[in-house]
Amino acid sequence: MMKSNHMNQYAVNLLFIVLACVSIFPFALLIMASFTDQKAIINEGYSLFPSALSLDAYRFMMNSASSLFRAYGITVFITLFGTAVGLAISTMLAYPLSRSDMPLRKVMSFLVFFTLLFNGGLVSTYLIYTEFFHIKNTIWALIIPGLLTNGFYILLIRTFFSTSIPPAIIESAYIDGASEFKIFIRIVLPLSLPILATIGLMLGISYWNDWFNGLIFVTDSKLFSIQNMLNRMLTDLQFIQRSNMTNTSQATANIPAESVRMAIAVIGIIPIFCAYPFFQKFFVKGLTIGAVKG
């Protein structure tokens, strides 16, 4: 029986190794393609072992280095600030919803759930943010729409609080004279690190990858996030390629269009790709515990 268990364990480990390689392969191919010479891509296609390497794609992008660094700074700021404030709003709303003694608890939970089914639409959203909040062409245009947070995150945190925070601990804190706020800060939050890390990672990824808010609310290039900046570069590159069909200028013909596309993707995903391993253990635990139906 022990030999059979070992064989099963080896088979499972081998399966996960294969799945890991399959998952890593596209990222490795993407990174290598960004360092591949344009002619090698055209003649041989994408490969993990290209016949010719080149930094032309990154040299092309460094022509806009100052704009890229500014966009990176803006994205880092909105990601850190938006994640911290969004996580605070989500937890402060989820905690009372997890308490069975809260008045109108079911009504509030339904209203949160309702936001997952319906929204006001793009036109009304745009008018409210621009006419009432006046966030057009401000840094808040990249932050505030994400702060009116996702109901899914709130329900996930609420379920975690309901299933993983023993009521006896909260009752004993009441007996010792702790206030509601002190219980929340000193007891509930320290016991909720897995779900907080999980939701924080989700919020961080959504802020980092957000380009839509910048597209509809920001026209000032100095306020572009990295995603908007990269999207603008990709649009310019497509325009240049179309121009090449009618313009035989050597300057435009030498632009490494294919490898630049890959370099744009690399610049966009590398920071999140590097940060994820630090949150992985919390991410898995938070999802498995917080996803239990409450």
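Biologist: Why is Phe133 called partly exposed?
Modeller: This is a predicted model, and Phe133 has a relative accessible area of 46%. Buried means under 20%, and exposed means over 50%. The value for Phe133 falls in between, so Phe133 is partly exposed.

Biologist: And what makes Tyr129 buried?
Modeller: Its relative accessible area is 8%. The cut-off is under 20%, so Tyr129 counts as buried.

Biologist: Why are Tyr129 and Phe133 called an aromatic pair that is tilted?
Modeller: Their ring centres lie 5.7 Å apart. Rings pair if their centres lie within 6.5 Å, so these two pair. The angle between the planes is 45 degrees. Stacked needs under 30 and edge-to-face needs over 60, so the pair is tilted. Ring pairs also link Tyr129 and Phe133 with Tyr126 and Phe217 into a cluster.

Biologist: How many aromatic pairs are there by this rule?
Modeller: The count comes to 13. Another one is Tyr95 with Phe184, at 5.2 Å centre to centre and 40 degrees between the planes.

Biologist: What makes Tyr95 and Phe184 a link between distant parts of the chain?
Modeller: Tyr95 is in helix 4 and Phe184 is in helix 10, 89 residues apart. Both Tyr95 and Phe184 are buried.

Biologist: Which residues have the most contacts inside the largest nonpolar core?
Modeller: They are Tyr95, Ile157, Phe161, Ile183, Val188, Ile195 and Ile199, in a core of 25 residues. Helix 4, helix 8, helix 9, helix 10 and helix 11 each give two or more residues to this core. Helix 8 gives the most, with seven. Apart from this core lies another, of 20 residues, among them Leu68 and Ile226.

Biologist: What does Ile183 touch, beyond four places away in sequence?
Modeller: Its contacts include Tyr95, Ile170 and Val188.

Biologist: Where is Ser192, and why is it called buried?
Modeller: Ser192 sits in the loop between helix 10 and helix 11. Its relative accessibility is 0%. Buried means under 20%, so Ser192 qualifies.

Biologist: Which residues does Ser192 touch, beyond four places away in sequence?
Modeller: Ser192 touches Phe160, Phe161 and Ile165.

Biologist: What makes the approach of Ser192 to Val188 a polar contact?
Modeller: A polar atom of the Ser192 side chain lies 2.7 Å from the backbone oxygen of Val188.

Conventions:
Residues numbered from 1 in each chain as written. Predicted model: local features only at pLDDT ≥ 70, side-chain atom pairs only at ≥ 80, totals over all residues. Heavy atoms only, no water. Helix = DSSP H or I, 4+ residues; strand = E, 2+ residues; numbered from the N terminus. Buried < 20%, exposed > 50% of the residue type's maximum accessible area, 1.4 Å probe, protein only. Contact = heavy atoms within 4.5 Å. Polar contact = N/O pair within 3.5 Å; in protein donor to acceptor, adjacent residues only side chain to side chain. Core = buried A, V, L, I, M, F, W, Y, C linked by side-chain atoms within 4.5 Å. Phe/Tyr/Trp six-rings, centres within 6.5 Å; stacked < 30°, edge-to-face > 60°.
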